[in-house]
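Please look over the sequence and the structure below before reading on. The paragraphs that follow take the chain one region at a time.

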Amino acid sequence: MGLPRKRSPSLYRLLAVTAVIGTAGCGSDRVDAQQVRDYISIVGSSTVYPFATVVAENFGRAGRFKTPKIESTGSGGGIKLFCDGIGVQHPDVTNSSRRILASEVAACAANGVTEIVEVKIGYDGIVLANAKSAAPFELTLRDVFLALAKNVPNPSGGAGTVPNPYQRWTQINKALPDVSIEVLGPPPTSGTRDAFLELAMEGGCKAFPALAALKGDDYRAACHTLREDGRYIDAGENDNLIVQKLEANPRALGIFGYSFLEQNADKVQGAAVGGVAPDFDTIADSTYPISRPLYFYVKKAHVSLIPGIREYLTEFTSDSAWGDFGYLSEKGLVPLAEDERREVAAAVRSLASLQLPAAH
């Protein structure tokens with residue numbers, strides 16, 4: 001049941017005002033009719049940002065609706081903003097480079113955001129890259145963990161862990177370039193960082209039986225805590241800035257999504273991990289070990305409030321956008337398999353609410 005093909009902007013504003021006034025007695029959901037907006041507000045992941053931006057630009061060029069406003073806030077920061085409540089002062093959509101957590105869904109519900117539509121858009125790889133002018137890296141997940149963990153197994157063979165003593169890559173693996181460990185990466189609000197901790201750091205942590213045997217908070221602390229002595233550098237949410245810094249400092253490595261590697265292939269090169277280079281095919285078939293799905297989430301209550309949301313969803317899930325030969329694949333998005341795209345698109349058309357598995 002889509003919206004009629006043509007409605008005047010004034011009618012949209014009238015409908016939006018009516019919807020807002022209808023919620024005026026709902027406590028934290030109360031908003032002023034003066035605040036009604038006629039564009040889609042999107043926040044969230046810096047990795048999904050370039051994909052959402054090109055969809056928004058194509059959507060805006062069609063002329064029926066205004067181009068959505070998109071802010072790169074990081075996945076965690078975007079989900080928090082999204083979950084703050086219902087009403088035009090809150091975002092309609094949040095992009096995420098990881099799946100929303102059950103705790104975040106609960107936080108949404110506590111603020112009246114009880115119906116969320118999940119849209120899985122494709123796959124991305126997290127790359128460790130350096131300047132093309134520098135020697136290439138061939139890493140293992142074990143190497144990555146030993147380089148970046150706050151505490152590591154005692155190099156002298158003693159029991160327990162010690163504060164990370166490694167200063168140069170050759171101290172970890174003599175086959176690696178003999179340069180100091182310096183890695184520019186995303187901040188705590190980033191879904192890329194969350195996924196990197198889960199896929200890369202935890203994967204390397206499991207190479208050590210004593211750490212792999214830990215349980216609960218002890219395991220998480222050992223495997224997910226990055227060093228804080230300056231070897232890992234929080235470079236913010238701007239992945240393009242990391243690329244610029246790598247060019248200026250050929251000794252450093254940077255952590256970001258595969259799409260930025262592809263877009264800057266003349267400037268930076270991706271490290272092979274476990275003998276597998278990051279590219280379209282190895283991410284699509286999951287042989288590259290640091291691969292993850294990408295998402296965005298829609299506030300179902302806003303579909304009738306903000307003009308164009310349903311049409312934006314239609315554009316994003318069209319074959320011309322996210323298909324095997326769509327314009328998003330040209331930007332570095334690795335498409336879902338055709339049957340999964342059909343399944344996701346059908347759920348989007350029906351605005352099916354997210355149902356997380358109990359074990360998530």
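Which helix gives the most to the lining of the largest pocket? Helix 7 does, with 5 residues. Helices (H or I, at least four residues) and strands (E, at least two) are DSSP runs, numbered from the N terminus. This is a predicted model, in which local features need pLDDT of at least 70, side-chain atom pairs count only at pLDDT 80 or more, and totals for chains, interfaces and linings use all residues. Residues are numbered from 1 along each chain as its sequence is written, and side-chain values use heavy atoms, with hydrogens and water left out.

The largest pocket has a volume of about 370 Å³. A pocket is an open set of points on a 1 Å grid over the protein atoms alone, where a 1.4 Å probe fits and protein lies on both sides within 12 Å along at least five of seven lines; lining residues have an atom within 4 Å of a point. The volume is the space filled by probe spheres set on the points, which are joined across faces, edges and corners. The lining has 16 residues, and those nearest the centre are Arg 98, Leu 101, Asp 194, Ala 195 and Glu 198. Two or more lining residues come from each of helix 7 (191-205), helix 9 (216-224) and strand 13 (291-299). By class the lining holds 6 nonpolar, 4 polar and 6 charged residues. Here Ala, Val, Leu, Ile, Met, Phe, Trp, Tyr, Cys and Pro count as nonpolar, Asp, Glu, Lys and Arg as charged, and the others, Gly among them, as polar.

The chain as a whole has 15 helices and 13 strands. Of its 360 residues, 51% are buried, where buried means under 20% relative accessible area, exposed over 50%, and partly exposed in between (1.4 Å probe, protein chains only). In helix 3 (residues 75-82), the buried residues are Ser 75, Gly 77, Gly 78, Ile 79 and Phe 82. Their cover includes helix 7 and strand 13, along with strand 1 (41-44), strand 3 (93-96), helix 4 (102-110) and strand 4 (116-131).

Val 88 counts as buried because its relative accessibility is 6%. Its C-alpha atom is 8.1 Å from that of His 302, 214 residues away along the chain.

Next, a pair of helices. The axes of helix 2 (residues 49-61) and helix 13 (residues 309-316) come within 10 Å and cross at roughly 115°. From helix 2, Phe 51, Ala 52, Val 55, Ala 56, Asn 58 and Phe 59 meet Glu 311, Tyr 312, Glu 315 and Phe 316 of helix 13, contact meaning heavy atoms within 4.5 Å. This contact comprises 7 nonpolar, 1 polar and 2 charged residues.

Phe 51 is also among the residues touched by Ser 259, together with Thr 47, Asp 124, Lys 331 and Gly 332, leaving aside residues up to four places away in sequence. Ser 259 belongs to helix 11 (residues 258-263) and is buried, because its relative accessible area is 0%.

Ser 286, in the loop between helix 12 (280-284) and strand 13, has a positive phi near 65°. Leu 351, in the segment after helix 15, has a positive phi of about 50°. Ser 286 is exposed at 52% relative accessibility, whereas Leu 351 is buried at 7%.

Key:
Axes are lines fitted to C-alpha atoms, for helices over the stretch in contact, and angles run from 0 to 180 degrees between N-to-C directions.
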